[in-house]
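Subject: Structure for your files

Dear colleague,

Here is the structure I said I would pass on. My notes on it are below.

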Amino acid sequence: MISSSHSCMAYTTSRKLAKKRQRKDTMKRTTRQPPYAKRDSEPAVQTTQQKSDVDDMSISSDQFRNCRLFVSNIPRNVDWKVLKDHFRQVGDIVFASISKDMETGESKGCGLVQFASIDDAARCLEVMNGSDLEGSKLYVRKDMQER
């Protein structure tokens, strides 16, 4: 004969298992999909809007085409702020960066400067090529990797 304490323990264990299964079922129903997951309930119009947003991004990147210049022979102690200030005398600068070695973090002595307009970039090619920055003669040319 089974004692009452064993039957009570079996009942408690079975209730715990039932609650655990119920929580798992609830979690399966409420699990959120990542935002990039495709959903069948979304209308086709929204997909079209997403494509137009991508087209708008490509238009804005074309806006700065031929405005980026490559600068070499930059002194090793110069950072992007000094480079930007130096080139600001020619026109409006959108972006300036200096290439650094991935392992050491030291400057490679070259960088990029991007202007707000093609006219500013053209003027910079004429004026700043051969200019002096902290004792170094800078060499400026169009960025060849710009697409």
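What follows is a short account of the fold, the core, the salt bridges and one surface patch.

Please keep in mind that this is a predicted model. The protein chain has four helices and six strands, running α-α-β-α-β-β-α-β-β-β from the N terminus. Of its 147 residues, 24% count as buried.

The largest nonpolar core has 17 residues, and V71, L83, F87, F115 and C124 touch the most other members. At least two residues each come from strand 1 (68-72), helix 3 (80-87), strand 2 (93-100), strand 3 (107-115) and helix 4 (118-128). Helix 4 gives the largest share, three residues.

There are three salt bridges. One pairs D143 with R68, with the closest N and O atoms 3.7 Å apart. This pair links distant parts of the chain, 75 residues apart: R68 is in strand 1, and D143 is in the segment after strand 6 (139-142). D143 counts as buried because its relative accessibility is 11%, under the 20% cut-off; R68, at 26%, is partly exposed.

D120 is buried at 10% relative accessible area, whereas R123 is partly exposed at 37%.

D85 and R88 also form a salt bridge, at 3.0 Å from N to O. Here D85 is partly exposed at 48%, and R88 is partly exposed at 43%.

On the surface, R15, K19, K20 and R23 gather in a patch of positive charge. K19 belongs to helix 1 (residues 4-30) and is partly exposed, at 48% relative accessibility.

Regards

How values were computed:
Residues numbered from 1 in each chain as written. Predicted model: local features only at pLDDT ≥ 70, side-chain atom pairs only at ≥ 80, totals over all residues. Heavy atoms only, no water. Patch = residues over 30% accessible without salt bridge, like charges linked within 9 Å, V, L, I, M, F, W, Y side chains within 5 Å. Areas by Shrake-Rupley, 256 points an atom, 1.4 Å probe, with all protein chains shown as cover. Salt bridge = Lys/Arg side-chain N within 4 Å of Asp/Glu carboxyl O. Lys, Arg positive; Asp, Glu negative; His and termini not counted. Charge placed at Lys NZ, Arg CZ, Asp CG, Glu CD. Buried < 20%, exposed > 50% of the residue type's maximum accessible area, 1.4 Å probe, protein only. Core = buried A, V, L, I, M, F, W, Y, C linked by side-chain atoms within 4.5 Å.
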